[in-house]
Amino acid sequence: MARTLLLSSAAFSWREWLKEHRAGRDFLCLDPGEPSQGPPGKLTLFRGGKPLHWRFYGSLDPGRAPHVLVGALAEMLRQSGSDPIVQLFPVRNAPLVRQMAALCAQLIQPDEIFAPKGAGLDLEGYPVGPEEVALEDTFPAMVQQAQRKAQWLKLIEDCSEHEVELRRVAIEGARLGSAHPAHPDQLAKAGLREALHAEVAGGTLLLVTESEPEDHVMARALDVFHASRAAVVAPSAYENLLCSFARQSGEDFGIGIVKRIDFSVGVATILSTAVAPAPVRILRLGGLRVDAAGRELGEARPWQV
């Protein structure tokens, strides 16, 4: 059978089309906002009705982390059968998203491409000419939010509490963990005695502190740490972030939510679906925040935390 690529639009749904045409083929969902794949914020390869492989994404915005999405696609194509159906994220006529869609299509090398009729997508530049098909309208935004909330509540119900020592894991998806923490003596020298955590990577000083330093203190800190700019983050900014536990190989095995990070002892308290004690080697932090009631609290800006 043919390898099939489905271009998506926020206004239309592939749900009914897939019921009619999937016929037992592997299905790869590259839409992190799709609630039918379980908790959103991930990318999933299905075999039958069960997930065969998934990759944490941590956001509903497909343009937030293109490197993660493309890497996940390459890995899941390797694990899929010879004739998968791949559903892309909603494509917009914006440069980054449009070029991401084209790159994904080049990696997939589909035998056929389908696009929603009436979506107004730019259909040029794909490996094969897309065929437009009539689809049902997607659910209203309120219904989609309710669907995602139900998934978040189920996720929270399936979680147990874990404590993760930050010094024992690699951190991905955030500015935190990009470099070794500054020694308390360095913080004192820079006049940052109230800072809970500091590190420098790529010329940026990350400061985790309850209150932003005064201008003269910040100027001194930048000089001491040889940084050209600073990112000041409150410790509460890490609360409610989506996260994932991954093994050394990069395989995700538990999705959850950050409850809090105690920077004084370097321990993150996390609600995760992983079974304790979890052999976490990589802690992946997302941008979307979800509270204990399943409400989406918005997304942190890329590399804000």
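The model is predicted: local features need pLDDT of at least 70, side-chain atom pairs count only at pLDDT 80 or more, and totals for chains, interfaces and linings use all residues. Residues are numbered from 1 along each chain as its sequence is written, and side-chain values use heavy atoms, without hydrogens or water.

Start with H4, residues 141–157. Helices here are DSSP runs of H or I with at least four residues, strands are E runs of at least two, and numbering starts at the N terminus. H4 has 17 residues and spans 24 Å from first to last C-alpha, close to the 24 Å expected (1.5 Å times one less than its number of residues). Arg148, Gln151, Trp152, Leu155 and Ile156 are buried in H4 (under 20% relative accessible area, 1.4 Å probe, protein chains only; exposed is over 50%, partly exposed in between). Seen down the axis, the buried residues of H4 fall within an arc of 140°, so they line one face. The arc is taken from directions between the helix axis and the C-beta atoms. Met142 and Glu157 are exposed on the face turned away.

Other elements giving two or more residues include strand E6 (85–90) and helix H1 (15–21). The lining divides into 12 nonpolar, 12 polar and seven charged residues.

In the second largest pocket, E12 gives the most to the lining, with three residues. That lining holds 14 nonpolar, six polar and three charged residues.

Note on methods
Nonpolar A, V, L, I, M, F, W, Y, C, P; charged D, E, K, R; others polar.
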